[in-house]
Amino acid sequence: MIKRKRAMGGLLTLAVAAGVAVGAAPQDEVPRQNTSATVTPADSATRTSDHDRLRALLRRLTTVDGGPGALVEMRDRRGSVVLTSGVADVTSHAPIHRGSRFRIGSMTKTFVATVLLQLVGERRVVLDAPVERYLPGVVRGHGNDGRVVTVRQLLQHTSGIPDVLDHLSPREILEDPLAHHDMRDLVDIALAHPPTFEPGTGWRYSNTGYLLAGMIIEKVTGHSYRDEIRRRVIAPLGLRETYLPGDSSAIPGPHPRGYARPGEDAPLRDITAINPSVGGPAAEMISSGTDVNRFLDALLRGRLLRPAELREMMRTRPTGNPDGRAYGLGLESRPLPCGGLYWGHTGDFPGFETAGGATLDGRQATVMVNLGPGGPDAQSADMRSAVRTALCAGRSRDQGTR
């Protein structure tokens, strides 16, 4: 779910637990996989320099930017390396576990788009068909009309359907964080407001579009979108650290506490325990750096989608972001300083912010900070810098990436 993370509106008036000043713990560099690749002294020196830059970014995330803890896991054909900074728990000061699970927020959208595009490949869904074909009568009222909004527009944020987060108070969520939220109820909250533009004429991020995408998956398959993601993505790839928790507030396995900062000088509030149904198919999932990297690699290598559907997913349009961000179908691209593009997504969910990316030549990187909302804009910028630095590690600009 994104984006209302910098200022939480009504949350500013909520009572918060006592805060603890958080500093950066020593960085931890751990290879998660053995590798037999030969590393020359020059290669080793280059990688050391790249890792030093990443350590500096992680240190900034957990000092200047105010995050309790941060993690980056980078992977290439030789294996994976994890770097951490700060703490998983501001009370115990336990360090970030290298195999941490965390809420990935809007990275969920890439999983949902993948399943929907698999259904397109099976000729069970047509990308440019109206939403009305699959959800008759659902998108109605206040100028919203499922007869003129297409499935593609839902996935690409070009539908004009209002974002539920523009009309759902964070105070309501955090006053009762364990409450169940029904997908249809969330959709109806959004549809009580007029569209932000005529379908297909603009671009604006809308979590509501992915709630509707999840509903289409359920209508077409007769199964929950959670079951379809497990069956079509998680099980085939062996993603043992990835979960669709439904109403469960727990994060299985080793994980940092998740924190919010209700105001600029306010103490941290522990919001680890929250019912993720408020995110649903827009933001519900839990995963790890290892699994996110494996998923992105498999997606770009064509293990999950046929060539035609993968091309559609990667057919982007500009978003107006000055950093060159372009959005496809549940997958976005950004330019790399070493040349070419990387593909991935970002994510925000109460307690966590995440960013992940991958290149077509087999490099992946995932970054997590256990703070959100309440981090500064610099937190997001430094996380994206960490992804770019990790993906460009050991590469000069003239090598480039496809």
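The legends below describe several close-up views of a predicted model. Local features are given only at pLDDT of at least 70 and side-chain atom pairs only at pLDDT 80 or more, while totals for chains, interfaces and linings use all residues. Residues are numbered from 1 along each chain as its sequence is written, and side-chain values use heavy atoms, with hydrogens and water left out.

View 1. Helices (H or I, at least four residues) and strands (E, at least two) are DSSP runs, numbered from the N terminus. Of the 402 residues, 59% count as buried; buried means under 20% relative accessible area, exposed over 50%, and partly exposed in between, with a 1.4 Å probe and protein chains only. Take the contacts (heavy atoms within 4.5 Å) between residues at least 6 apart in sequence: 73% of them join residues at least 24 apart. The chain exposes about 15,300 Å², and carbon and sulfur atoms supply 50% of that area, which comes from the Shrake-Rupley method with a 1.4 Å probe.

**View 2. Strand β13 between its partners β12 and β14.** Strands pair here if DSSP finds at least two bridges between them. Strand β13 (residues 341-349) is mostly covered, with eight of its nine residues buried. On one hand, β12 (residues 332-335) runs antiparallel to β13 through four bridges, and Arg334 stands opposite Tyr342. On the other, seven bridges join β13 to β14, again antiparallel, with Gly344 opposite Gly357. For the turns, look at Gly339 in the β12-β13 hairpin, which has five residues between the strands, and at Gly351 in the β13-β14 hairpin, which has two. Gly339 takes a positive phi near 105°, and Gly351 also takes a positive phi near 105°.

**View 3. His345, a residue of strand β13.** His345 counts as buried because its relative accessibility is 4%. Its side chain makes a polar contact of 2.7 Å with that of Tyr327. A polar contact is a pair of N or O atoms within 3.5 Å; within protein, one must be able to donate a hydrogen and the other to accept it, and residues adjacent in sequence count only if both atoms are side-chain atoms. Leaving aside residues up to four places away in sequence, His345 touches, among others, Ser106, Lys109, Tyr205, Glu332 and Ala355.

**View 4. Thr354 in strand β14 (residues 352-358).** With a relative accessibility of 1%, Thr354 counts as buried. A polar atom of the Thr354 side chain lies 3.2 Å from the backbone oxygen of Ile104. Beyond residues up to four places away in sequence, Thr354 touches residues including Phe102, Arg103, Met107, Val367 and Met383.

**View 5. Helix α5 (residues 183-191) and its buried residues.** The buried residues are Met183, Leu186, Val187, Ala190 and Leu191. They cover an arc of only 135° around the axis, so they sit on the same side of α5; the arc is that of the directions from the helix axis to the C-beta atoms. They pack against β5, β6, α6, α7 and α8. At the N-terminal end, Asp182 caps α5, with a side-chain oxygen 3.0 Å from the backbone nitrogen of Arg184.

**View 6. The largest nonpolar core, with 82 residues.** A nonpolar core is a set of buried Ala, Val, Leu, Ile, Met, Phe, Trp, Tyr and Cys residues joined through side-chain atoms within 4.5 Å. Leu116, Leu212, Ile216, Ile229, Val233, Phe295 and Met313 touch the most other members. Helix α2 (residues 108-121) gives the most to this core, eight residues. A second, separate core of 27 residues includes Val90, Val387, Ala390 and Leu391.
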